[in-house]
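This report describes the overall build of one protein chain and then turns to selected local features. The sequence and the structure are shown first.

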Amino acid sequence: MAGEMEFEKPILELRQKIIDLKEYNEKADVDLTNEIEKLEHRLAKLEEEIYSNMTAWDKFQVARHPDRPTTLDYIPLLFEDFMELHGDRTFGDDPAIVGGIATFKGQPVTVIGHQRGKDTKDNLYRNFGMPHPEGFRKALRLMQQANKFGRPIICFIDTKGAYPGRAAEERGQSEAIARNLYEMSDMKVPIICIVIGEGGSGGALALGVGNEIYMLENAVFSVISPEGAAAILWKDASKAKKAAESMRITAADLFELGITDGIVPEVKGGAHHDLATQAKAIEKTINKSLHRLTALSEEQLVEQRYNKYKQIGVYDTI
């Protein structure tokens, strides 16, 4: 099965057994309804047990599921009148980041997000959701426009990281990311960030300096991928599972550490199982966040954002 994950195998096998039994029941002379009901009850308990005890590695696999909804999947379900804007006005357009203007419940907003591909061809076009500097500069251009016209900014984070290739470095990858961090910190409009899949390193941070940051329940957020961390720590990328467990990359971890402001409940088994229901949960979160943040003045928004990041971590002064 495409996208099958190791921890889900018992569920998928039992689910297939129920399907086969139902097909046999339609043709058999005996009634197997009771047996089917027992298996369905057993399936419900098994799903509850497995999905309620997912490890960090399990959640990392769900966050990278090939069918996991992307920014462009959510936009038509959350916003009206979305108009995508292109280009950084310096080098070109980067399909790994999409953005534009829209309305949310009648309120004008600017929407920006990382964009992975849906298949091999689309992934090649979108560089697997790993932005070049022109992608980050496009995002900044849209943020500056939003700041000028007083539109709240909503960012969807979903990337393995910024593209580390030579061309990206030659065009100023590090400067582009740093510029976004600097500029976002002083925006006079509300900024809401939601990690919908994988939040990887600087590529995620470049869209992540928000007044409020949320993560989907099975999303992850880290400075480096578990494979990368394992390769550095143990010189063995195959120990990625061990790294994932020690890195504290899950939504629950980040919320406990005070880095994020909340967790968006996810449909059982992952957002890819029910896009419409998942979009409603995100909509509820955005709505509440906008209601809180739009009540603040420009000065209060900047101060709140500054204090939020100032309080992250532990440090000593000399």
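For a chain of 318 residues, a compact globule would have a radius of gyration near 20 Å; the value computed here is 21 Å, so the chain agrees with that expectation. The model is a predicted one. Taken along the principal axes, the box that the C-alpha atoms fill is roughly 75 × 50 × 45 Å.

The secondary structure of the chain consists of 14 helices and eight strands. Of the 318 residues, 49% count as buried. Contacts between residues at least 6 apart in sequence were also examined, and 72% of these join residues at least 24 apart.

The accessible surface of the chain amounts to about 16,100 Å², and carbon and sulfur atoms account for 53% of that area.

**Helix 1**

Helix 1 covers residues 9–27. Which residues of helix 1 are buried? They are Ile11, Leu12, Leu14 and Ile18. An α-helix has 3.6 residues a turn, so residues three or four places apart point the same way. The partner against which the buried residues of helix 1 pack is helix 2 (33–51).

**Residues with positive phi**

Arg89, a residue other than glycine, has a positive phi, near 65°. Arg89 is placed in the loop that runs between strand 1 (80–84) and strand 2 (97–104). Is Arg89 buried or exposed? With a relative accessible area of 64%, Arg89 is exposed.

Lys235 is not a glycine either, yet its phi is positive, at about 55°. The loop that holds Lys235 lies between helix 10 (226–233) and helix 11 (240–247). Exposed means over 50% relative accessible area. Lys235 has a relative accessible area of 73% and is therefore exposed.

The table below sets out the values for these residues.

| Residue | Phi | Relative accessible area |
|---|---|---|
| Arg89 | near 65° | 64% |
| Lys235 | about 55° | 73% |

Notes: Residues are numbered from 1 along each chain as its sequence is written. This is a predicted model: local features need pLDDT of at least 70, side-chain atom pairs count only at pLDDT 80 or more; totals for chains, interfaces and linings use all residues. Side-chain values use heavy atoms; hydrogens and water are left out. Helices (H or I, at least four residues) and strands (E, at least two) are DSSP runs, numbered from the N terminus. The radius of gyration is taken over C-alpha atoms; the globule rule is 2.2 Å times the number of residues to the power 0.38. Buried means under 20% relative accessible area, exposed over 50%, partly exposed in between (1.4 Å probe, protein chains only). Contact means heavy atoms within 4.5 Å. Accessible areas come from the Shrake-Rupley method with a 1.4 Å probe; for residues, only the protein chains shown count as cover. The expected span of a helix is 1.5 Å times one less than its number of residues.
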